[in-house]
Amino acid sequence: MIIPPRVALLVWVPPILLVFRRFPMRIALLINFVGGWAVLPVANYIPTDNPFPYWILGTNLESDYFLTKATVIGFSGILALYLFDRRRLLSFRLTVWDLAMTMWLIAPILSAIANPDQFKEGLVGEVYQLLAWGSPYVIGRLYFFDTKSLRLAAQAFVIGGLLYVPFCLFEIVAGPRIYEWLYGYLPFQEVGAKRFLGYRPIVLLETGNQLGIWMATAALIAWWLWRRKMADSILGIPIRVVAITLLLVTVLCQSTGAIILLFALIPFVFVDPRHLPRL
């Protein structure tokens, strides 16, 4: 039975608000953002015969699809803060370090001003930008800024990658089918799917490239936790086993760019900052 994507996206909000009510704010935020990104459909994609449907690209960017996992997760996070921790939300203040992100966030409204005949579309794009990008940025600034909170976020992301391992292994053999079985049409399902060894998985993400980055990031963080002795285990599994497993599965996912980035960054995990020359 296929779950309509719109239903899945809209149904996410009420139970996640219960999570915010029951769990500490940082834990609930990680469940919302990491868990939501892992399990929700990308968008309510409409099948098309267009060989290159450019208008469906990048649903975490402004597009013709407004109701996406990016906007739903962002809306849930901001709504929860407003309901359960309004004082901290209202304490947010912009600094000079927020300038680049601020320019990115107001780009749609600037475009609308420059193109008054499409002002309505620009406003819609502005709301999308604020939910998809502004919400996680503000929440990150408010709740994940010190060693303890960043370590918690790192462990959450490793858990997200670890839980994807069996589904990745299945799709490496059977092909990217889980999204289709659960949510129906996915325009990027067959794009670059056939690889040197079996298939490149997607699971419930948008593309194989996004899945590759997801797994590579989880692997890199796991190696950092292992090397820095920041965690002994994840879900009861020794951290060294987690790190090696995520590295191997990332390679098997065969997303070339993600693999190159992973192997380029892993050596920095072994650099002790105390031994770096001081400026």
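# Reading contacts, space and surface in a predicted model

Visitor: Where does Ala258 lie, and is Ala258 buried or exposed?

Guide: Buried means under 20% relative accessible area, exposed means over 50%, and partly exposed is in between, with a 1.4 Å probe and protein chains only. Ala258 lies in helix H12 and, at 2% relative accessibility, counts as buried. Helices are DSSP runs of H or I with at least four residues, strands are runs of E with at least two, and both are numbered from the N terminus. The C-alpha atoms of Ala258 and Trp214 are separated by 8.6 Å, although the two are 44 residues apart along the chain.

Visitor: Which residues does Ser255 contact, leaving aside its neighbours within four places in sequence?

Guide: Ser255 is in contact with Arg195, Arg200, Gly208, Asn209 and Gly212. Its place is in the loop between helix H11 (239-253) and helix H12 (256-269), and Ser255 is buried, with a relative accessible area of 2%.

Visitor: What should I note about the phi of Gln254?

Guide: Most residues other than glycine have a negative phi. Gln254, by contrast, has a positive phi near 60 degrees; its place is in the loop between H11 and H12, and Gln254 is buried, with a relative accessible area of 11%. Leu235 also has a positive phi, of about 55 degrees, although it is not a glycine. Leu235 is found in the loop between strand S1 (233-234) and strand S2 (237-238) and, at 54% relative accessibility, counts as exposed.

Visitor: How many salt bridges are there, and which parts of the chain does the pair of Arg141 and Asp98 tie together?

Guide: A salt bridge is a side-chain nitrogen of Lys or Arg within 4 Å of a carboxyl oxygen of Asp or Glu, and by this rule the count comes to 2. Arg141 forms one with Asp98, the closest N and O atoms being 2.8 Å apart. Arg141 lies in helix H7 and Asp98 in the loop between helix H5 (86-90) and H6, so the pair ties together parts that are 43 residues apart in sequence. Arg141 is partly exposed at 29% relative accessible area, whereas Asp98 is buried at 1%.

In the pair formed by Arg177 and Glu190, the side chains meet at 2.9 Å, N to O. Arg177 is in the loop between H8 and helix H9 (178-183) and Glu190 in the loop between H9 and H10, and this pair, 13 residues apart, links distant parts of the chain. Arg177 is partly exposed, with a relative accessible area of 25%, and Glu190 is partly exposed as well, at 46%.

Visitor: Which residues make the nonpolar surface patch, and which helix gives the most to it?

Guide: Patches are made of residues with over 30% relative accessible area and no salt bridge, like charges being joined within 9 Å and nonpolar side chains (Val, Leu, Ile, Met, Phe, Trp, Tyr) within 5 Å. Here Leu99, Met103, Leu110, Ile113, Phe119 and Leu123 make a nonpolar patch of about 560 Å², its area coming from the Shrake-Rupley method with a 1.4 Å probe. Helix H6 (99-114) and helix H7 (119-143) each supply at least two residues, and H6 gives the most, with 4 residues. Met103, which lies in helix H6, counts as partly exposed at 44% relative accessibility.

Visitor: How is empty space found, and what volume does the largest pocket hold?

Guide: Rolling a probe the size of a water molecule over the atoms shows where empty space is left. The largest pocket holds about 760 Å³ of space. Of the 24 residues that line this pocket, the closest to its centre are Phe33, Val34, Trp37, Pro136 and Phe157. On a 1 Å grid over the protein atoms alone, a pocket is an open set of points where a 1.4 Å probe fits, with protein on both sides within 12 Å along at least five of seven lines, and lining residues have an atom within 4 Å of a point. Grid points are joined across faces, edges and corners, and the volume is the space filled by probe spheres set on the points. Helix H3 (25-39), helix H4 (69-84), H7, helix H8 (147-174) and helix H10 (208-227) each supply at least two residues of the lining.

Visitor: Is Ser76 buried or exposed, and which residues does Ser76 touch, not counting those up to four places away in sequence?

Guide: Ser76 lies in helix H4 and, at 0% relative accessibility, counts as buried. Ser76 touches Trp12, Val13, Ile16, Leu17, Phe20 and Asn32. The C-alpha atoms of Ser76 and Phe188, 112 residues apart along the chain, are separated by 26 Å.

Definitions and conventions: Residues numbered from 1 in each chain as written. Predicted model: local features only at pLDDT ≥ 70, side-chain atom pairs only at ≥ 80, totals over all residues. Heavy atoms only, no water. Contact = heavy atoms within 4.5 Å.
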